[in-house]
Amino acid sequence: MRLPRGFTFHKQGDPWLSWHYITSNSHAILSATQTHVILTVESVALGLLVALPVAALARQREWLRSTVLNLCTAVYAIPSLAFVVAMIKIFELSSLTVVIPLASYSLVILVRNILTGLDEVDAQAVDAARGMGMSNARILIRVRLPMALPTVVAGIRLAVVSTIELVVIGGYVGQGGYGSKIFEAFSNRSHTEMTTYILLTVLLALVADGLLLALQRVITPWRRGVAA
Amino acid sequence: MALRRTRSSSITLAAAGIAIAFTAAACGSSSSGGNAAVNSGSTSSSNLPAYCGGASGSGKVLVGASNFAENITLADIYVDVLKGCGYDASEKTFASREAYYPLVTKGKIQVIPEYAATLTDFINDAKNGPNAPSKASGDINTTIANLKAELPSTLAVLNPAAATDRNAFAVQTKFATANHITTLSQLAAYSQSHPLTLAGPPECPTRAFCEPGLEKTYGMKIAHFQQTDEDGPLTRKALTSGKAQVGLVFSSDGDLSGLGLTVLTDDKDLQASDNIVPLVASSLATGAAANALNAVSAKLDQATLVALNKAVVVDKGTSQQVADQFVAQELS
Amino acid sequence: MTPDLVLPAQVDNSTWHQFTTWFTTKSSWLGGTNGTAGVLHLFVQHLWISALSLAITCAIGIPLAALLSRWRRGGLIVTTVANGARSVPIIGVMLLLAIGPIGIGTEPAVIALVIFALPPILTNTYTGICEVDAETTRAAIGMGMTRLQVMRSVELPLAIPLVATGIRLAAVQIWATATIAAIVGSGGLGQLITVGYATQYYGEVYGGVLVIALSAIALDTVLKRAQTAVRLRFGASQSSLS
């Protein structure tokens, strides 16, 4: 029955953590990191792209605002697993299966934050701009948005961190960066692989949060010293 | 400020675009530690490994896999040899055959490590209804001939491997000894007074070889179905913890006895013997891909398959490491 | 990761047909004769997992927050724990517990859900207690109350409106996230999704999405009402005390 040479595999341990595992699988880790980062960036970017006009629109009328906020609640009520599986029928193998649900969740976070940010804008500054003869559109762009920027960036931070965590569910449908590896580790019953990728997800979220915090401080220097 | 805002968002998008291009390149490049992968990207046939049979391939190939250890490892091996012959191969995993098969027929997935008998019945059921008589046979050549007749013209099967994996039902060894149960018929007799809980993947209650098969062929009394996974850790946990008395596993598993589990004899032949066979898009039925995948099948005998499964599940290599090592040891 | 985008396939008639069939079939709701679970059974399972998780989260979170509020560095710990717990992938924790010593079913799901729901309860309770006026506390101590008595009869009651907010947020989060628990075999409404996907019966998937989302929205609405009632009652007592 056995082959002349026979297939043998050197037994490895399965500790909950192993540095050796990380060094000997660095390529797989790097490629999963890339996928994870790209899915996150695509989702948040798409969410932001849609959130800006939606938030601007929502400010026009009170009924539009409540409709938008109610829709946001409805979207947030769809669990990620259900959303992703529902999308796979439509987008099949495209990464949109994961990106559309995650962009929708980002959209909800961002719309709420942009609206809060715009609401907090000092009425006096707006009055002053109006006094200078600015149109409503110019006031939105030149005064309201810059003043709302800190809250908007805070929203982006929140969206990025939660998206990084949510990407993992994509592993259930075969595309989730670290998530695919976590599901593979589950099939293979590998503790080391599982904990490695769970910790990498947390680490990625912390790193992204730190970078965005730094960015927030750079682009809003007047807020430096104010608690984030 | 407005301008700056627009610019920064377009920069983000551009960065995302670059990143996508970067991954596409990375997907085509070598994987960790595999000898097969070292040749990837090279299309000059003089450098190609022997298993390509002197032909070379190109273009994207997506290999699909079901989400359980053996199938993922086989798919990893397929990806390794396809890359070795110059294809830009990548892999995706799916929850079940139901989930990936429609994408195979649409040409979105080009290669799947399949199981001859189950695939034949699956296609037969889809075509002729769930009560159609089975076209899978105990003889692999008959099964493959029937399978080829059932397949749409866009799909082909390559050479089957000698290695088989069949669906099997396991119980706790303690339980089997205490109740003198070695066959499924004996378990069915036991179940008349003690209705059972069955553990299996979500599709089990609707698949002929699973819950309906146990009920119809063996007359087993199943009181509850505990949804777990396809031959994975949940099924094992359900059995070892006693949440279920009987669970669906595979005959090629290398870890059952270590967990105190025993496979019962399928004395009424509910399960056909399932040889591993590559299901491919017709465009890959000849040439480098066919040569390479047939070379894998030729090396896959029963002992090797069990060794591969043990390497992943018991000895804890990642499926990628095990696949790389298989290609390095057996195919060069 | 496929960089080239595939055009969306049309949601065909058969999917819509499947959906209406699923929706109008009695066994979808009450369960099949072959022992397959219906929505009703799964709903009860979902409710049990969620309620258990919420109860455990409160039992851990509220005393922990109260304890930490006594400590100078408590705020830092609360923020760190909350932020850390938020970035942990919950499905990873469930799968990890399932291959570890915990096993399958309710236990790994509940443990993961508790970890996930701890941040809102912890932060809201902590903030609620810390916002209680220092003079009110001092007055209570002046009346001869012990620290424990102050906590129990002054600080916690005054923090109730914020604690209620935390409980509502945690409850809604748990309800939505419990869906994922179906992957580790704990049943619940998520099973409509896993079974529908594995058997490619999209009628069940879309039916499941609808049932889960609607029940989550209903829960949110009911809890918001309850919260308003709590705020009116205890908010009033706060002003009368201080």
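The legends below describe close-up views of a predicted model.

**View 1. Chain A as a whole, built from helices.** Chain A contains 9 helices and 0 strands, and along the sequence its pattern reads α-α-α-α-α-α-α-α-α. The radius of gyration is 22 Å, whereas the globule rule gives 17 Å for 228 residues, so chain A is more spread out than a compact globule. Along the principal axes, the C-alpha atoms of chain A fill a box of roughly 90 × 40 × 20 Å. Of the 228 residues in chain A, 49% are buried. Among the contacts in this chain between residues at least 6 apart in sequence, 71% link residues at least 24 apart.

**View 2. Helix 9 of chain A and its packing partners.** Helix 9 of chain A covers residues 191-219, which is 29 residues. From first to last C-alpha the helix reaches 42 Å, close to the 42 Å expected at 1.5 Å a residue. Its buried residues include A:T192, A:E193, A:M194, A:Y197, A:L200, A:L204 and A:A208. Within chain A, the buried residues of helix 9 pack against helix 1 (19-24), helix 2 (26-58), helix 7 (136-166) and helix 8 (178-188). They also pack against two helices of chain C, helix 4 (74-87) and helix 5 (90-99).

**View 3. The interface between chains B and C.** Here 26 residues of chain B are in contact with 19 residues of chain C. On the chain B side, helix 1 (2-28), helix 4 (97-105), strand 7 (222-227) and helix 10 (233-240) each supply at least two residues. Strand 7 of chain B gives the largest share of that side, 5 residues. By class, the side of chain B that touches chain C has 14 nonpolar, 8 polar and 4 charged residues.

**View 4. The largest nonpolar core and C:M94.** The largest nonpolar core has 229 residues. The residues with the most contacts inside this core are B:Y78, B:V81, B:A292 and C:M94. Helix 8 of chain C (residues 147-177) gives the most to the core, with 14 residues. Leaving aside residues up to four places away in sequence, C:M94 touches C:P108, C:A109, C:A112, C:I180, C:A181, C:I183 and C:V184.

View 5. Chain B has 13 helices and 10 strands, and 54% of its 332 residues count as buried. In strand 5 of chain B (residues 167-172), 6 of the 6 residues are buried, so this strand is largely enclosed by the rest of the structure. Strand 5 pairs with strand 8 of chain B in the antiparallel sense over 4 bridges; in that pairing B:A170 has B:G247 as its bridge partner. Strand 5 also pairs with strand 9 of chain B (residues 261-263), again in the antiparallel sense, over 3 bridges. There the bridge partner of B:V171 is B:T262.

View 6. B:S241 sits in the loop between helix 10 and strand 8 (246-250) of chain B. B:S241 and B:Q172 are separated by 69 residues in sequence, and their C-alpha atoms are 9.5 Å apart in space. Across chain B, residues 24 or more positions apart account for 76% of the contacts with a separation of 6 or more.

Note on methods. Residues are numbered from 1 along each chain as its sequence is written. Chains are lettered from A and ligands numbered from 1 in the order in which they are written. This is a predicted model: local features need pLDDT of at least 70, side-chain atom pairs count only at pLDDT 80 or more; totals for chains, interfaces and linings use all residues. The expected span of a helix is 1.5 Å times one less than its number of residues. A residue is buried if 20 or more other C-beta atoms lie within 10 Å of its own, exposed if 12 or fewer, and partly exposed in between; C-beta atoms are placed from the backbone. Two residues are in contact if their C-beta atoms, placed from the backbone, lie within 7 Å. Ala, Val, Leu, Ile, Met, Phe, Trp, Tyr, Cys and Pro count as nonpolar, Asp, Glu, Lys and Arg as charged, and the others, Gly among them, as polar. The radius of gyration is taken over C-alpha atoms; the globule rule is 2.2 Å times the number of residues to the power 0.38. A nonpolar core is a set of buried Ala, Val, Leu, Ile, Met, Phe, Trp, Tyr and Cys residues joined through C-beta atoms within 7 Å. Two strands pair if DSSP finds at least two bridges between them.
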